[in-house]
Amino acid sequence: GSIRQIWSPLLAGATIHPVVRDTARDPDALVAFIRARGITIYNSVPAMAMHLLDAVERSGEPLSSLRWVLFGGEVVPAAHARRWRERFGDSHRLANLYGSTETLVNATWHEVTRPPAPDEVHTPIGWARAGCEVHLLDPNADGVGDLAVGGAIAEGYLGEPELTAESFVGLHGKGW
């Protein structure tokens, strides 16, 4: 979420380029904004990123400054990642970032290093980031199940049993 989007770049010595609402809602204007400012990392929900890709394809010019495209905030259909990979190859690195509201930051990440196969439906959420623990509970045959996230990201709940019970559901429907 916004904590990572704001603090990670600043801690790394990078610059943040907030986008005004009208520009964010207009993919053609957003492409012009990225080009004009030489943006190197673009972070968006997948649906908006696809509107951006449509605008790039309409313009016929690459986003040559971009090094990373980060998807997050909703499920990333494999078709989205496939389109980015097929359009830009290795010139842009793609990552799917996952984290629930309670984690405040992305708990997992997956770098999309190849175009997903045509039969792939979703982009994997990947592996736990440093400081997180991720456990898949009761997975079905397809590897789908409830995800338990823990580690330093949940410290605000330590010693607060009521808040913990309200926000987190354990294996048997009770707070952890």
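## Basis and confidence

Residues are numbered from 1 along each chain as its sequence is written, and side-chain values use heavy atoms, with hydrogens and water left out. Because the model is predicted, local features need pLDDT of at least 70 and side-chain atom pairs count only at pLDDT 80 or more, while totals for chains, interfaces and linings use all residues.

The mean pLDDT of the protein (the predictor's confidence in each residue, from 0 to 100) is 84, and 86% of the residues reach 70 or more. Over residues 171-176 pLDDT stays under 50. Where pLDDT is low, the predicted coordinates should not be read in detail.

## The aromatic cluster

The whole structure holds two aromatic pairs, where rings of Phe, Tyr and Trp (its six-membered ring) pair if their centres lie within 6.5 Å, and planes under 30 degrees apart count as stacked, over 60 as edge-to-face and the rest as tilted. Phenylalanine 71 and tryptophan 84 form an edge-to-face pair, with 6.4 Å from centre to centre and 70 degrees between the planes. Since phenylalanine 71 lies in strand β2 (residues 68-72) and tryptophan 84 in helix α5 (residues 78-88), the pair ties together parts that are 13 residues apart in sequence.

Phenylalanine 71 is buried (under 20% relative accessible area, with exposed meaning over 50% and partly exposed in between, for a 1.4 Å probe and protein chains only), at 0%, and tryptophan 84 is buried at 1%. Phe71, Trp84 and Phe88 form one aromatic cluster.

## Histidine 92

Histidine 92 is placed in the loop between α5 and β3 (93-98), and at 2% relative accessibility this residue counts as buried. Leaving aside residues up to four places away in sequence, histidine 92 touches several residues (contact means heavy atoms within 4.5 Å), including Leu63, Arg67 and Trp84.

## Helix α4

Helix α4 (residues 46-59) has 14 residues and reaches 20 Å from its first C-alpha to its last, close to the 20 Å expected at 1.5 Å a residue, where the expected span is 1.5 Å times one less than the number of residues. Among its buried residues are Met48, Leu52 and Val56, and the buried residues of α4 pack against α2 (21-24), α3, β1 (41-44), β2 and α5. Glycine 60, whose phi is positive, near 75 degrees, follows α4.

Conventions:
Helix = DSSP H or I, 4+ residues; strand = E, 2+ residues; numbered from the N terminus.
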